[in-house]
Amino acid sequence: MYKFKTVIYILMQRVVSHVLSSPEMEAFFLSRITYWWFKRVVMVGQRRPLQLEDLSPVSQQDSVQNVCCTFEEHWKNQLDARWNEMQKSSYGTSAVVHLFSAPFRSGLSLLHALWLTFLRALLQVTLLRLLTDLSGLLIPLVLRCVILFSENQPEFDWAERTYALVLLGTVVSRSLVEQQFEKHSRMTAAKVQTALTSTLHRKALSLSSSSRHNLCPGAACLSADVKRVAGLVVMLPQLLSSPLRVALCVWLLWRELGPAALVGVAMLLFLIPAGAAAERRVSELQKSKTTFRKKRGALLSEMVTEMKMLKQLVWEGWFQHRVTVSRERELETLRILGYLTAFSMLNDICVPFLVCLSSFGAFVLMDDGHVLTSAQVFTTIYLHRLLRPLLLDIPNLSPLLTQAKNSLCRLELYLLTECPTPDCCHETFTQDNTEEMFTCSHIENFSRNSDVHFSEMEVKMEPPTPTGSWMDVRLYLQTFGCCWALLCLAAQLGLVLVALGQDALLGLWTSDAKEVQSLEDWKELRNSRLSFYALLGLIQALLVCTAAKCVTKGSLRASERLHSELLSNVLHLPLTFFQTSPPEQVLHSFTQDMSVVDEQVSKCLCLWLNSLLETSAACLLISFISPIFILVASPVVALLVMLQVLSFFWFVSPSQSAPVSRQIKDLEASARCSVTLLLRESLCADVATAAFSLQQCSPSRCHRALHGQLLTQYNHIIMDRWVALRIDGLAAILVFMVTFILLVNLDTADPGIVGFALMHALNVRDNLHKYMEASCGLQDCARTLKRIAEYTVMKKEASWVQPNSAPNGWPEHGQIEFRDYRADDSKATLVAFRGLSFSTQSREKVIVLVSEWAQAEALVGFLFRTLEGTSGLLLLDRVDVSTLGLHELRCQMNIVPQVPVLFSGSLRANLDPAARLSDAQVWQALELCHLKECVQQLPGQLLHLLQKGKDSLSMGQRRLLCVARALLRKSRVLLVEEAPSSVEPEAEHLVQQVIRREFSSCTVLIVTQNPQAVIVSDRVLVLGQCGV
């Protein structure tokens, strides 16, 4: 029987391996390195929205089951090895104690298991990283050779076309290797994340209730820890290659400038502490901003969940003021952060200039015989561009490594929770459960069902949100301000022109130096060029500060106005919207969407504009230097323009179809959400839920979710590489044409001009990548702005104020009359909805007896107009309430709700939020409601802070506070809903006494299902199925 099962298992594995054959593995070499095999997914996505079954499957080697099985096997081996070691060295001491000792909780065992699992992939990533660095360093060397050839000092006896082909081959090789490195590094990180998530899920299902309860507060951190550890595993190969890259860059700089090269490197190192200090300040401000944002989020959450009470009390203005004040504090932090962006922009734009100024200045000032050549200038500039990111990343390494180490320790500690033996930390994959896993997961994954359930939590793949259009971004630009937008445009254009002027000045300097005849003329030329070069740097710094100020002012203006409009629109929505829509939808607009508006939209617009200007300037510059370029390279330029127009069209298109990359991102987001919910359920579930999950094929369930996530991540990675490689191809062809044209026409081209043109031709690749990145970012921002703009066109409730709608002194008697009043509800079956007719006398106390509580809610909705009628009349002192403003009507009514509602804030604010009454009046109302002594015992008394989850008042006291609130408002009509069972009988007796004694001049409607609970009334109104 065992042999039979083994044979079946092997055959099933072969079938699954055939099903999982990846198109990438089947493609030939050239198609694999150019990602041509991925065109099928791209073409499908252009015709219709992508589904999971349309995506390219991962290979068997990278499949979820293979990755998870391999990792858990290595993790179990680590536990076994440590367990045996502890048993040998325990000498009578419990091995479990040693298992949890500090050395084993250092995270090294988990890291070692990951290293063994992904050793081949990491070695591959390391090799690709080294090849990427070396191929990147070849470009300035080839650039130097090309410029030397233009100076009639060739290092090799090559023809013009040969130099152009060599530069083309270098650029293409660097691009191919770099894209392979990006693909393998990101895929390795995704597999590490998959393996750790699977292990955490299996471990969580095996925990006891007490352990799960103790670990539940830290459960949200585990997902972040997994991402950090995945980043660490991929970061290790890069740490090995970075010192080699730095050493080679410094050596090549020394070769060009000698000791003067160290001056530029020293300048970079000198500026590192300043950048680190700015980063620390930014980090502190980010924490403050997060604190303010959480406070505002708590207020908004309270506002949305208690919107019914806010509208009934006419307290929308009070909450709007509270949210606005909290928002202003957040915007003040954003203002300081915005001004710090000036330092960041100076670091990105002006630091390269300072490095070049110090290097070239030191070179020419060290010895009067030092004359800069075009090859030295532009090779040095390119090498500094390669060296600067490496040195500036040094301050970030220590915190990143510390965070990753802490994450490793936390994950390892979690995996060792309740681990008396090594077997408890690992569920061995036997042939039986592996077969079950294969069967369940792959039937599910290849079922060709568009509604994919990744888990039993009813998580479905939803269609992507419609792409935002230019109209949505224009809304942002209108709130940004035309003046600030034009100033930003002028500053960005000035920065591009100054950067061109700096490089052009260096090129002209090297050309003019050849014509100098005497030492004095050389010194004069040197001093004038250095002075003018420094002046351009000063102008550049001023433009950077101007751009930062304009962007900050405009973005803050847009953030303030959009948030204010969003808040106003939400407060004017009818109550039915909040009763039928999940509160998370509104809160998402105020938190995540507004966060995008605050931090992302302006950055994406600036990056988009800057890359567009730099690309256009490079093409115009090359065309000006060599007009023949317009004819020869017109097809490539047309493709570049088409690429930019296409990405722009994707961004501004109002159509419902999104770009392929956007569709894949949406699928990835849905899959990631499924995995997050699954992990959260397993971490926070109780024992019964965990046991039920184990019975429901939990490994298969987890692996299905992880398969969806890994599948979408894989296709997202390939899609990014597919786009990037084609951009690199267009840029490489452009570089080849520029090189060939310039070298063929050396009679009319100066070496300085050749180096200048080639530098900016090589920059086109980076600018195009930035352009595509900004375009994708603007697509996301446009979607966000579209969601915010949707609240503007939503149907609002009636106007809050109607001038001259009620006579003076209204209402005087508080008489209520319903005349066949009906609501627009096709599903209504209750009499309160079908038609309501009754009237009350002045200052009458009426018990409204309902058979179902929905009748009570309908009656209250009619009186407060949170539920609008479609026919009939509702009169208050013979005035049709439909002709009144909502606030005018609701101010004349008050309610004691069934569940007493108190808002966060001081106790006094819950009674008189506008502070219109004196403290003496408030104390008098509390005394009449038998609460004076209770409030006097509270810390702060009237200023005592009420917080959710920290009840210092009983339910009866809270209900009495609602009565005191109604007493202070002095309304003519009072509605009292039946008290819940949680209210103390003594407190409810006091409530009825206060109502009978203090509201004698008001019309009181007491809505209840239990008439015996009310002591005194004038009449009883019974709402039945057949009428009143």
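**Figure 1. Strands β4 and β5 form an antiparallel pair in the predicted model.** Strand β4, residues 869–876, is joined to β5 through two bridges in the antiparallel sense. One of the residues to look for is Leu-875, whose bridge partner in β5 is Asp-880. The two strands belong to an open sheet of four strands, arranged in the order β2-β1-β4-β5 with antiparallel pairing. Its edge strands are β2 (836–839) and β5 (879–880), each of which pairs on one side only. Strands of a sheet pair through backbone hydrogen bonds, either parallel or antiparallel.

**Figure 2. Strand β9 pairs in the parallel sense with β6 and with β10.** Four bridges connect β6 and β9, and Met-893 has Val-973 of β9 as its bridge partner. Strand β10, residues 1003–1008, runs parallel to β9 and is joined to it by five bridges. Val-973 also stands opposite Thr-1003 in β10. Strand β9 spans residues 973–977 and is mostly covered, with five of its five residues buried. In a regular strand the side chains alternate between the two faces of the sheet. Both faces of β9 are covered: Val-973, Leu-975 and Glu-977 are buried on one side, and Leu-974 and Val-976 are buried on the other.

**Figure 3. Trp-315 and Phe-903 form a tilted aromatic pair.** By the pairing rule, the count of aromatic pairs comes to 18. In the pair shown here, the ring centres of Trp-315 and Phe-903 are 5.9 Å apart and the planes stand at 55°, so the pair is classed as tilted. Trp-315 belongs to the loop between α13 (307–313) and α14 (316–366), while Phe-903 belongs to the loop between β6 (893–896) and β7 (905–906); the pair therefore ties together parts that are 588 residues apart in sequence. Both Trp-315 and Phe-903 are buried. Ring pairs also link these two residues with Trp-318 and Phe-319 into a cluster. At Phe-319, the charged end of Arg-322 sits over the ring, 5.1 Å from its centre.

**Figure 4. Phe-903 is one of the residues that touch the most other members of the largest nonpolar core.** This core has 166 residues, and Met-303, Tyr-476, Phe-818, Val-848 and Leu-863 are the others named with Phe-903 for touching the most members. Helix α29, residues 751–793, gives the most to the core, with 18 residues. Leaving aside residues up to four places away in sequence, Phe-903 touches Glu-302, Glu-306, Met-309, Leu-310, Leu-313, Trp-315, Trp-318, Phe-319, Asn-910 and Leu-946. A second, separate core of 33 residues includes Leu-953, Leu-961, Cys-1002 and Val-1004. In soluble globular proteins, nonpolar side chains tend to be buried together.

Figure 5. Tyr-476 has 0% relative accessibility and so counts as buried. Phe-480, at 6% relative accessibility, likewise counts as buried. Tyr-476 is also among the residues that touch the most other members of the largest nonpolar core.

**Figure 6. Ser-185 makes a polar contact with the backbone of Phe-181.** Ser-185 is placed in helix α9, which covers residues 160–205. A polar atom of the Ser-185 side chain lies 2.9 Å from the backbone oxygen of Phe-181. Ser-185 counts as buried because its relative accessibility is 6%, below the 20% cut-off for burial. Beyond residues up to four places away in sequence, Ser-185 touches Val-125 and Val-234. The ring of Phe-181 has Arg-129 over its face, at 4.6 Å from the ring centre.

Figure 7. Met-345 and Ala-547 are 202 residues apart along the chain, and their C-alpha atoms are separated by 9.1 Å. For the chain as a whole, among contacts between residues at least 6 apart in sequence, 86% join residues at least 24 apart. The chain has 37 helices and 11 strands, and buried residues make up 52% of its 1028 residues.

Terms used. Residues numbered from 1 in each chain as written. Predicted model: local features only at pLDDT ≥ 70, side-chain atom pairs only at ≥ 80, totals over all residues. Heavy atoms only, no water. Phe/Tyr/Trp six-rings, centres within 6.5 Å; stacked < 30°, edge-to-face > 60°. Buried < 20%, exposed > 50% of the residue type's maximum accessible area, 1.4 Å probe, protein only. Lys NZ or Arg CZ within 6 Å of the ring centre and 35° of its normal. Core = buried A, V, L, I, M, F, W, Y, C linked by side-chain atoms within 4.5 Å. Contact = heavy atoms within 4.5 Å. Polar contact = N/O pair within 3.5 Å; in protein donor to acceptor, adjacent residues only side chain to side chain. Pairing = 2+ DSSP bridges.
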